[in-house]
Amino acid sequence: MVYDLDLNKLGPEIKYEVDNRSKIQQPFDRIAYFLELEGADRNTQFVYVSMDAFTDALDKIGVPTAKSGARFQQNLANMKYIRM
C-alpha cells in the first residue's frame with residue numbers, strides 16, 4: 001500500500017493517513033485502487049480496480065492535485081474491476 005485516505009476527512013489539502021512513498025524503492029508494473037463506500041442507507045460497498053502502471057512516479061498515483069502535477073489522459077491496459 002502506498003497511500004491510505006479517509007474520504008470523510010477530505011479538505012482543501014489532501015492529507016493521507018498513510019503515505020509509504022519513501023519506503024517503496026522497487027519498480028512497479030501495476031497500480032490498484034480499493035474503495036470502501038458507505039451509502040446513506042449505511043450499506044457498505046467495495047470497489048477494486050487494477051491496471052498496468054500508467055506512470056512510474058509514486059507521487060502521481062494518489063489523488064491528482066495541481067501540486068502533484070498528476071494529469072493523465074490515456075487508455076488503460078489490462079484493467080481488472082471487482083465490485084463487492
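Trainee: Hi! Which element gives the most to the lining of the largest pocket?
Mentor: β3 does, giving 8 residues to that lining. A pocket here is an open set of points on a 1 Å grid over the protein atoms alone, where a 1.4 Å probe fits and protein lies on both sides within 12 Å along at least five of seven lines; lining residues have an atom within 4 Å of a point. Strands are DSSP runs of E, at least two residues long, and helices are runs of H or I, at least four, all numbered from the N terminus.

Trainee: Before we go on, what kind of model is this?
Mentor: It is a predicted model, where local features need pLDDT of at least 70 and side-chain atom pairs count only at pLDDT 80 or more, while totals for chains, interfaces and linings use all residues. Residues are numbered from 1 along each chain as its sequence is written, and side-chain values use heavy atoms, with hydrogens and water left out.

Trainee: What volume does the largest pocket have?
Mentor: About 780 Å³. That is the space filled by probe spheres set on the grid points, which are joined across faces, edges and corners.

Trainee: And what is the lining of the largest pocket like by class?
Mentor: You'll find 15 nonpolar, 3 polar and 4 charged residues there. Ala, Val, Leu, Ile, Met, Phe, Trp, Tyr, Cys and Pro count as nonpolar, Asp, Glu, Lys and Arg as charged, and the others, Gly among them, as polar.

Trainee: What about the second largest pocket, what is its volume?
Mentor: That pocket has a volume of about 340 Å³. Its lining is made by 15 residues, with I14, Y16, T65, K67 and S68 nearest the centre. By class, the second largest pocket is lined by 6 nonpolar, 3 polar and 6 charged residues.

Trainee: Let me zoom out. How many helices and strands are in the protein?
Mentor: There are 0 helices and 5 strands. Walking from the N terminus, you pass β-β-β-β-β. The C-alpha atoms fill a box of roughly 40 × 30 × 25 Å along the principal axes.

Trainee: And what share of the residues counts as buried?
Mentor: Of the 84 residues, 19% do. Buried is under 20% relative accessible area, exposed is over 50%, and partly exposed is in between (1.4 Å probe, protein chains only).

Trainee: New topic: how many salt bridges does the structure hold?
Mentor: It holds 4 salt bridges, each being a side-chain nitrogen of Lys or Arg within 4 Å of a carboxyl oxygen of Asp or Glu.

Trainee: Why would such side chains pair up?
Mentor: Side chains of opposite charge can pair when their charged atoms come close.

Trainee: Can you walk me through some of them?
Mentor: R30 pairs with D52, with 2.9 Å between the closest N and O atoms. This pair links distant parts of the chain, since R30 sits in strand β3 and D52 in strand β4, 22 residues apart. R30 is partly exposed because its relative accessible area is 33%, and D52 is partly exposed too, at 26%.
Mentor: Another salt bridge joins E17 and K9 at 3.2 Å, N to O. E17 has 45% relative accessibility, so it counts as partly exposed. K9 has 58%, so K9 counts as exposed.

Trainee: What does R42 form a salt bridge with?
Mentor: With E38, the closest N and O atoms being 2.8 Å apart. R42 lies in the loop between β3 and β4, and it counts as exposed because its relative accessibility is 62%. The phi of R42 is near 75 degrees, a positive value in a residue other than glycine.

Trainee: Where is N78?
Mentor: N78 is in the loop between β4 and β5 (80-83). Its phi is positive as well, about 55 degrees, although N78 is not a glycine.

Trainee: Last one: how far apart are the C-alpha atoms of I24 and N75?
Mentor: They are separated by 26 Å, and the two residues are 51 residues apart along the chain. I24 lies in the loop between β2 and β3, and it counts as partly exposed because its relative accessibility is 29%.
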